[in-house]
Amino acid sequence: MKPQLTLQTPLELPAHEIPNYLKKLWISKDELDSGANTFSLIVWQPSWLEQCFVKSKLINGPITGYLTEEIITAAKKLILENGLPLATPLQSRELIDLLNKNIFDDSFEDLRGQFFESSISTLNPRRIITLAPTIQDKHDIKTFVSAYCPLSDEIRDQTICGDLVVFRGSIRSIVTEGLKIIEKLSIDDLPSWLWWNGSLDDSPEIFDYFSKEGKRLIIDTANGSSERCIDILTKALKSKRAINDLNWVRLKSWRESLAMIFDPPSRRNLLEHITQIDVDIEGDNMVQALFLISWISDKLNWQLVEAKKENEITLIKFKRDNGDYILTSINPMPIGNPSIHSGQVIGLRLISKVSKDPKKNTCIILGSESAECMRLEAGGMADMHLIEEVVPSFLMSSEADVSKLLASSRGDTSPLFENSINITSKIFKILKF
Amino acid sequence: MQSSISNPLRLGLRQERVIPPQCLVIFGASGDLTHRKLIPALFELFLQRRLPSEFAIVGCARRPWSDEEFKEKMRLKLCDKISSHEQEWTKFTEFLFYEPVDLQEESHVKRLSQRLIEIDRLKATHGNKTFYLSVSPNFYEGGCKSLKNVGLLDDPIKSRIVIEKPFGRDYSSARKLNKIVQSCANESQIYRIDHYLGKETVQNILVLRFANTIFEPIWNRNYISNIQITSSETVGVEDRAGYYETSGALRDMLQNHLTQMLAVIAMEPPGKFDPEAIRNEKAKVLQASKLANEIEPWNCCIRGQYEEGGNYDNPLKGYRDENGVGKNSTTETYIATKIFIDNWRWQGVPFYLRTGKRLPKRLGEIVLTFKDVPVHLFESTIINPAPNQLIIRIQPDEGATFKFEVKSPGSGMRSRPVEMEFSYDESFGEPSDEGYVRLLADSMLGDPTLFTRSDEVEAAWKLYTPLIELMENAPWKLPVHKYESMTWGPPESDQLLAKDNIFWRRP
């Protein structure tokens with residue numbers, strides 16, 4: 001989906017005038033409030049990589065806040081040229097630091113927060129507040145405001161409108177000035193979401209501020225160190241704050257494909273005899289793989305026994321009610337052209353042993369492509385009964401993932417995800433010590 | 001569909017669309033439908049965690065019950081279902097309210113309006129309201145007008161009405177009713193419910209046709225010789241004689257459920273999966289449908305009425321001996337008809353629709369019979385090679401069967417038919433939701449895809465107008481043939497097809 005522009009040029013206003021301006025904007029003559037009765041969305045949108053590329057003149061401006069193909073290609077080229085690991089995350093500090101050395105242009109158009117993808121606009125958010133930190137420390141805060149009325153294919157009697165507010169400036173100015181105003185921009189009775197569209201290692205003071213404010217959080221644990229990600233998730237659960245993770249959302253096709261294998265009642269028995277699970281991932285961020293293993297263990301009622309690292313491989317052992325053990329492993333795989341989301345699952349192998357005779361046992365393989373399936377078949381798996389599926393990874397933009405999440409979320413943390421986080425954090429704790 | 005041990009990996013995965021904060025107002029809350037279908041469906045949605053916490057159900061009827069009495073009545077009626085979910089039921093009852101309302105009395109509706117404001121505040125339902133008219137069709141007009149007059153339908157986005165069948169008695173009454181309802185609310189606010197469209201297998205027809213490339217190229221007059229649509233019940237009229245005597249099989253089943261199945265099976269592919277795009281195509285195909293012989297409709301329709309049957313241990317009464325049925329009743333309990341669709345896809349392909357009570361099996365199915373091969377190269381183990389058939393089973397044992405010829409083992413090259421089978425039970429092993437679960441959720445989500453639009457309803461009545469007129473003006477031309485209970489209808493029904501050298505499938 002293409003981004004939608006606001007119909008009017010955003011108006012620059014002093015930050016303190018914005019709350020009053022917006023109040024007046026929604027008082028109409030016929031006393032009917034035509035603002036959407038939906039939700040408000042605060043977006044943390046640093047777009048460091050894009051800012052660096054544009055300011056180094058490696059790509060053309062303006063800065064939009066979207067991770068375009070051009071940026072991805074340029075980033076991958078930079079990774080290759082500088083001998084960094086191929087799976088280096090696009091939000092990583094290493095990459096930004098490399099680019100920061102060559103910044104020489106400070107004059108560029110910054111359109112962050114002034115338009116947004118139609119997958120989100122079709123949900124008619126009442127208010128979108130974008131926090132657009134600049135890479136320079138000196139930038140004072142600038143605030144912009146604009147009303148929007150997205151055009152829809154559906155015939156409606158009434159236009160449903162919303163507004164956009166952008167805070168642009170250095171992180172310091174956002175902390176000292178922006179956050180004070182944001183408090184006044186909240187709309188009573190409407191749910192308020194925070195989408196952290198950047199690395200979770202970034203600006204913890206701002207993240208923690210919103211987290212404490214009780215916003216419904218949308219994060220992406222593919223962006224950030226595993227420690228920080230697990231810490232955020234655990235704290236959110238403890239404090240009973242709603243949290244949603246795009247890394248979990250992207251796991252849906254794997255969970256769905258695996259569940260599909262066991263839909264026919266004739267295959268249910270296999271679940272009682274699983275002895276081994278191997279998960280292959282891209283790069284070394286294992287959070288998504290941990291979610292997957294935790295979800296399976298939760299659904300099948302396994303107890304966590306131990307977890308350890310052997311070189312790059314993570315080994316986790318579970319125990320079933322009948323005392324049988326299940327060995328699971330997470331294996332980082334070198335990939336030529338890794339996904340923009342680090343640590344994505346690319347293969348899953350389950351072995352279900354019902355007999356000493358291999359022919360009576362079953363090996364289930366899910367791979368993101370045929371080559372991955374073939375890799376997982378190696379080691380004599382074909383001696384068993386093989387069930388294989390390719391789970392193509394149609395990675396969508398983060399905006400599309402957020403839209404999907406907003407459209408389907410009940411606002412609280414999904415119980416499946418909650419249980420998965422609990423087990424993941426236990427595994428992580430064992431691995432850490 | 002039989003339930004079996006659930007797939008543990010499937011649990012919780014099915015959460016898709018979330019119902020927004022909502023107040024569902026059920027008129028006719030003391031009636032059968034409320035405790036038999038609506039409240040169980042809502043409780044099921046609650047168990048599936050698909051209801052928001054900002055939710056309320058307000059039961060309305062003339063009886064002077066209190067909230068607590070309503071809760072208790074529902075608990076008693078649903079005790080079997082809730083026995084294993086006592087705690088959940090207790091939480092669910094926090095959503096339940098009751099207001100005594102006579103829909104004909106505007107002062108009652110005004111009082112209801114005030115109560116809804118209080119409930120909206122209490123449960124934070126954001127002013128979203130769905131009004132479910134589970135009342136006699138005689139009250140649709142007055143009910144809609146009262147709701148309109150007190151302003152409960154003013155917001156076209158936040159308020160909607162759900163209306164049960166029958167929507168009219170014929171083409172002109174349906175048009176009149178549409179006009180009245182549309183004067184009270186926009187068409188986008190009106191949800192005409194046909195619970196057959198809530199069935200998983202009926203929706204699966206759309207997926208089968210439009211998510212596979214193999215079916216659509218042969219889904220036309222070039223490959224299909226005829227289509228049979230059957231919906232049969234083993235039960236008689238039971239305690240519904242009062243209603244059934246005024247409706248009969250045509251109005252009760254043929255005009256709505258069977259005709260909706262016809263529309264889904266025969267419609268053109270929509271440009272996109274969008275409620276209006278789908279309903280446009282359904283309306284178009286119904287508008288192109290006509291009785292096989294409109295001039296002499298008695299030649300394309302057979303009516304029947306069940307007589308006594310059964311056996312010594314279990315004797316069954318004839319229709320005229322049922323409680324509340326007149327001794328000379330000519331109400332049909334069985335109807336079969338032949339329809340053509342005047343468009344490029346279906347020109348010349350007969351559609352045979354039949355429905356009846358006290359037939360040998362309870363089932364719903366659609367049978368697509370393909371044309372015979374042009375040359376018979378092989379000898380068949382039976383007289384002639386059987387034509388290919390695709391049988392879509394709506395209920396029970398939901399699924400599909402494809403019949404085709406294979407070589408019979410042994411020397412020689414003799415062919416015989418075999419069946420390729422898809423069963424929901426064997427593939428998914430999970431019971432599918434009751435139609436009402438899906439449709440109630442869709443109505444509260446504002447998704448009208450599975451609801452019939454005014455033009456569809458009118459086209460469906462128009463299709464049967466020659467039959468209805470004949471039944472009213474010259475009933476002797478369309479006599480009611482007797483059939484023994486627990487047989488497949490009157491023999492005349494077989495002759496309807498025999499004229500075309502076709503036979504009803506004996507399921």
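**View 1. Confidence in chain B and in the complex.** Chain B has a mean pLDDT of 91, and 98% of its residues reach 70 or more; pLDDT is the predictor's confidence in each residue, from 0 to 100. For the complex, the predictor gives an ipTM of 0.84 and a pTM of 0.80. This is a predicted model, in which local features need pLDDT of at least 70 and side-chain atom pairs count only at pLDDT 80 or more, while totals for chains, interfaces and linings use all residues. Residues are numbered from 1 along each chain as its sequence is written, and chains are lettered from A and ligands numbered from 1 in the order in which they are written.

**View 2. Where chain A meets chain B.** Here 20 residues of chain A are in contact with 22 residues of chain B (two residues are in contact if their C-beta atoms, placed from the backbone, lie within 7 Å). On the chain A side, the elements giving two or more residues are helix H10 (252-261) and helix H14 (415-432). Helices (H or I, at least four residues) and strands (E, at least two) are DSSP runs, numbered from the N terminus. H10(A) gives the most to this side, with four residues. By type, the chain A side divides into nine nonpolar, four polar and seven charged residues. Ala, Val, Leu, Ile, Met, Phe, Trp, Tyr, Cys and Pro count as nonpolar, Asp, Glu, Lys and Arg as charged, and the others, Gly among them, as polar.

**View 3. A parallel sheet in chain B.** Follow the six strands of this open sheet in the order E3-E2-E1-E4-E5-E6, with parallel pairing; two strands pair if DSSP finds at least two bridges between them. At the edges are strand E3 (96-100) and strand E6 (190-192) of chain B, each pairing on one side only. Neighbouring strands are turned by 20 degrees against each other on average, direction ignored. Strand E1 (residues 22-27) and strand E4 (residues 129-133) of chain B pair in the parallel sense over five bridges, and Cys23(B) stands opposite Lys129(B) in E4(B).

**View 4. Two packed helices in chain B.** Helix H8 (residues 200-210) and helix H9 (residues 241-266) of chain B pack at an angle of about 20 degrees, with their axes 9 Å apart. Axes are lines fitted to C-alpha atoms, for helices over the stretch in contact, and angles run from 0 to 180 degrees between N-to-C directions. H8(B) and H9(B) are therefore roughly parallel to each other (angles under 35 degrees count as roughly parallel). Val202(B), Ile205(B) and Leu206(B) of H8(B) make the contact with Met261(B), Val264(B) and Ile265(B) of H9(B). These residues divide into six nonpolar, no polar and no charged.

**View 5. A mixed sheet in chain A.** Eight strands form this open sheet, ordered E2-E6-E7-E5-E3-E8-E9-E10, and the pairing is mixed. Strand E2 (11-13) and strand E10 (243-245) of chain A are the edge strands. Strand E9 (residues 216-219) of chain A runs parallel to E10(A), joined by three bridges, and Leu217(A) stands opposite Ile243(A).

**View 6. Loops worth a look.** The peptide bond from Lys165(B) to Pro166(B) is cis, with omega near 5 degrees; Pro166(B) lies in the loop between strand E5 (159-163) and helix H7 (171-184) of chain B. Another cis peptide bond joins Gln395(B) and Pro396(B), with omega about -20 degrees. In chain A, Asn311(A) has a positive phi near 55 degrees although this residue is not glycine. Asn311(A) sits in the loop between strand E12 (303-310) and strand E13 (313-319) of chain A.

Conventions: Parallel < 35°, antiparallel > 145°, perpendicular 65-115°, else oblique.
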